[in-house]
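Q: Hi, I'm new to this one. Could you walk me through it?
A: Happy to, let's bring it up.

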2 protein chains.
Amino acid sequence: MELLQGTLDMLVLRTLLAGPQHGYGVAKSIRSNSSEALDIEFGSLYPALKRLEAKGWIASGWKTSEHNRRAKYYRLTAAGRKHLVREHSKWADFVSTVARIMGPLPQVQK
Amino acid sequence: MELLQGTLDMLVLRTLLAGPQHGYGVAKSIRSNSSEALDIEFGSLYPALKRLEAKGWIASGWKTSEHNRRAKYYRLTAAGRKHLVREHSKWADFVSTVARIMGPLPQVQK
DNA sequence: GGTTGACCTATAGACTCTCTTCATATAGGA
DNA sequence: TCCTATATGAAGAGAGTCTATAGGTCAACC
């Protein structure tokens, strides 16, 4: 859903900070936690999970889901936890820098 | 320099809101307005200017710069001005949604 | 009891777009 | 002669989108 590059990874890691979950569940969590504002596509999410696993930020294992289905559960690794903190902090810096340049939102007439 | 996708366009439009400028000047403005935090690459900026012009958000014309050099000056069009307002507002929404999911920054030990 | 369909969960390929990197070009001024 | 100002283009990487496919489970329905 037209995310800004890199943000998805951070959101996924943040979601897994709350506990292990399978991909489908991660997408659902992000959607509902954002009140449906962020509509994560599975076609974006699964490659993101691969990336994160390849980098060692998360690890996975097959289990049976609460709906009695075969699902790959992902959990945050120690390295992933550190990485998340760094990314979050970089994100906050970046956002405030951009906000400083952009200035206040112009008043929009409804 | 490792911007989030789409943000560059918004920053460029915002910079041109302050008045027409040539590409080189836009890059310098963004750099200095961000206290060098955002290091805009020319290889990113010029394609961005092409994009924006193709979409009609900005228009250009050759002039002589204050350093007596040939330079292409860009200015915001009326459509670009509207577009900027929309993008700024979408950006603000997106950022606050992400911030809500991410929660507060963990305290980092110095 | 068997069929149907909805939902859960996962994978993969092709494509698009943005940004990065690098190379090149020209002109003015010191 | 060299540095700064200014511009262009091509090649490549990486992320995200779109679309198609796949199989298992459960509930509803006839």
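Q: Which helix gives the most to the surface near DNA strand C?
A: That is α3(B), with five residues. Helices (H or I, at least four residues) and strands (E, at least two) are DSSP runs numbered from the N terminus, and "near" is for a residue whose C-beta atom, placed from the backbone, lies within 6 Å of the molecule or strand.

Q: Is this predicted or experimental? And how do the labels work?
A: This is a predicted model, where local features need pLDDT of at least 70, side-chain atom pairs count only at pLDDT 80 or more, and totals for chains, interfaces and linings use all residues. Residues are numbered from 1 along each chain as its sequence is written, while chains are lettered from A and ligands numbered from 1 in the order in which they are written.

Q: Thanks! Which residues come nearest to DNA strand C?
A: Of the 27 residues around DNA strand C, the nearest are G23(A), S65(A), A71(A), G43(B) and S44(B). Elements giving two or more residues to that surface are α2, α3 and β3 of chain A, plus α1 (7–17) and α3 (42–54) of chain B.

Q: How do the residues of that surface divide by class?
A: There are nine nonpolar, twelve polar and six charged. Here Ala, Val, Leu, Ile, Met, Phe, Trp, Tyr, Cys and Pro count as nonpolar, Asp, Glu, Lys and Arg as charged, and the others, Gly among them, as polar.

Q: Switching topic: how many residues does each chain bring to the contact?
A: Chain A and chain B bring 23 residues each; two residues are in contact if their C-beta atoms, placed from the backbone, lie within 7 Å. On the chain A side, α4(A) gives the most, with nine residues.

Q: Back to helices. Which residues of α3(A) are buried?
A: A48(A), L49(A) and L52(A). Buried means 20 or more other C-beta atoms within 10 Å of a residue's own, exposed means 12 or fewer, and partly exposed is in between, with C-beta atoms placed from the backbone.

Q: Why are they on the same side of α3(A)?
A: Because they cover an arc of only 105° around the axis, taken from the directions from the helix axis to the C-beta atoms. On the other side of α3(A), G43(A), P47(A) and A54(A) are exposed.

Q: And what do the buried ones pack against?
A: The buried residues of α3(A) pack against α1, α2, β2 (58–64) and β3 (70–76) of chain A.
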